[in-house]
Amino acid sequence: MAMNEYTIALAGNPNTGKSTLFNVLTGLRQHTGNWPGKTVVHAEGFFTYNNNRYRMIDLPGTYSLYSNSADEEVARDFIIFEKPDITIVVLDATALERNLNLALQVLEMTSNVIVCVNLMDEAKKKGIRIDTKKLAATLGVPVIPISARNKEGIDTLLKTIDSMVLGKIKTNPITVRYSPEIEQCIEKLIPRVKEVIGDAYPARWVALRLLDGDMSLLRAFQQQPLPSVKEVSIYACHGPAKSI
Ligand SMILES: Nc1nc2c(ncn2[C@@H]2O[C@H](COP(=O)(O)OP(=O)(O)OP(=O)(O)O)[C@@H](O)[C@H]2O)c(=O)[nH]1
Ligand SMILES: [Mg+2]
């Protein structure tokens with residue numbers, strides 16, 4: 001029987017152990033180091049588990065997925081346009097608050113997310129305790145504590161990946177709510193966004209990016225085989241125009 005192939009993207013802040021996890025899962029030797037910005041373009045590797053084949057993409061480490069740098073655009077475009085079956089967000093257990101920012105951004109983009117809280121060994125040494133069950137309930141996606149360097153938690157991660165691609169795990173990602181003014185704009189924009197780009201992209205996230213004036217995202221959309229997104233951008237900048 002032919003194996004199904006699924007794509008998994010690894011996202012996270014710089015230096016959280018993404019490449020270390022990539023190497024553990026794929027058996028490859030993607031270069032790792034303890035300084036930020038190591039993975040510049042994404043690397044690809046493969047592994048099989050429970051009769052499924054997985055293509056892993058090690059995305060560059062970023063603090064956000066707006067359009068501040070080439071790295072952020074690479075990571076953003078992969079998640080939005082390549083639509084990985086699963087995005088694993090790798091967090092540093094010793095800097096959870098800062099790292100969760102990126103996790104929330106990914107959860108606005110896709111619901112197929114597994115959060116890995118890495119460097120649990122370091123957190124333990126520092127006396128940091130993390131209630132991963134509570135975090136999972138709050139975020140609405142699985143949260144797995146791991147130590148990639150010590151290969152701890154990998155079995156649970158693999159089982160969770162397997163359950164997710166088989167549809168046995170239904171996620172319910174938290175929705176970040178903004179000020180009433182912004183929420184009103186989002187509400188107005190969403191139907192227009194859906195009209196232009198259809199259901200293939202997360203409309204709420206696109207609306208938010210438009211409200212932020214993210215021209216780089218518009219350019220990325222214009223390179224996709226889609227109707228022009230000009231109308232939506234005009235709407236985002238000036239409110240409802242007569243011609244729309
Ligand atoms: N103590 C400990 N160190 C880890 C663990 N996982 C990774 N590291 C170390 O953290 C450093 C960064 O790891 P990388 O895998 O290069 O991190 P990265 O997220 O790929 O970094 P960028 O590509 O720059 O975004 C390396 O020195 C790793 O050995 C872990 O579970 N525990
Ligand atoms: Mg890396």
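This is a predicted model: local features need pLDDT of at least 70, side-chain atom pairs count only at pLDDT 80 or more; totals for chains, interfaces and linings use all residues.

Mentor: Residues are numbered from 1 along each chain as its sequence is written, and chains are lettered from A and ligands numbered from 1 in the order in which they are written.

Trainee: How many helices and strands are there in the protein?

Mentor: Helices (H or I, at least four residues) and strands (E, at least two) are DSSP runs, numbered from the N terminus. The protein has 10 helices and six strands.

Trainee: Which domains does the domain assignment give?

Mentor: Domain bounds come from an automatic or database domain assignment. Here the assignment gives domain 1 (4–165) and domain 2 (180–238). Nine residues from domain 1 and 10 residues from domain 2 take part in the contact; two residues are in contact if their C-beta atoms, placed from the backbone, lie within 7 Å. On the side of domain 1 that touches domain 2, α2 (70–82) and α3 (96–109) are the elements that give two or more residues. The most come from α2, with four residues.

Trainee: What is the largest nonpolar core made of?

Mentor: In soluble globular proteins, nonpolar side chains tend to be buried together. A nonpolar core is a set of buried Ala, Val, Leu, Ile, Met, Phe, Trp, Tyr and Cys residues joined through C-beta atoms within 7 Å. A residue is buried if 20 or more other C-beta atoms lie within 10 Å of its own, exposed if 12 or fewer, and partly exposed in between, with C-beta atoms placed from the backbone. The largest core has 53 residues, and Leu10, Val89 and Val106 are among those with the most contacts inside it. Helix α8 (residues 203–211) supplies the largest share of this core, six residues. Each of domain 1 and domain 2 contributes at least three residues to the core. Leaving out residues up to four places away in sequence, valine 89 touches Ala11, Gly12, Leu102, Ala103, Val106, Val113 and Val115.

Trainee: Is asparagine 51 buried or exposed?

Mentor: Asparagine 51 is exposed, with 10 other C-beta atoms within 10 Å. It sits in the loop between β2 (43–49) and β3 (52–58), and its phi is near 70°, a positive value in a residue other than glycine. Asparagine 15 also has a positive phi, of about 70°, although it is not a glycine. Asparagine 15 lies in the loop between β1 (4–12) and α1 (18–26) and is partly exposed, with 19 other C-beta atoms within 10 Å.
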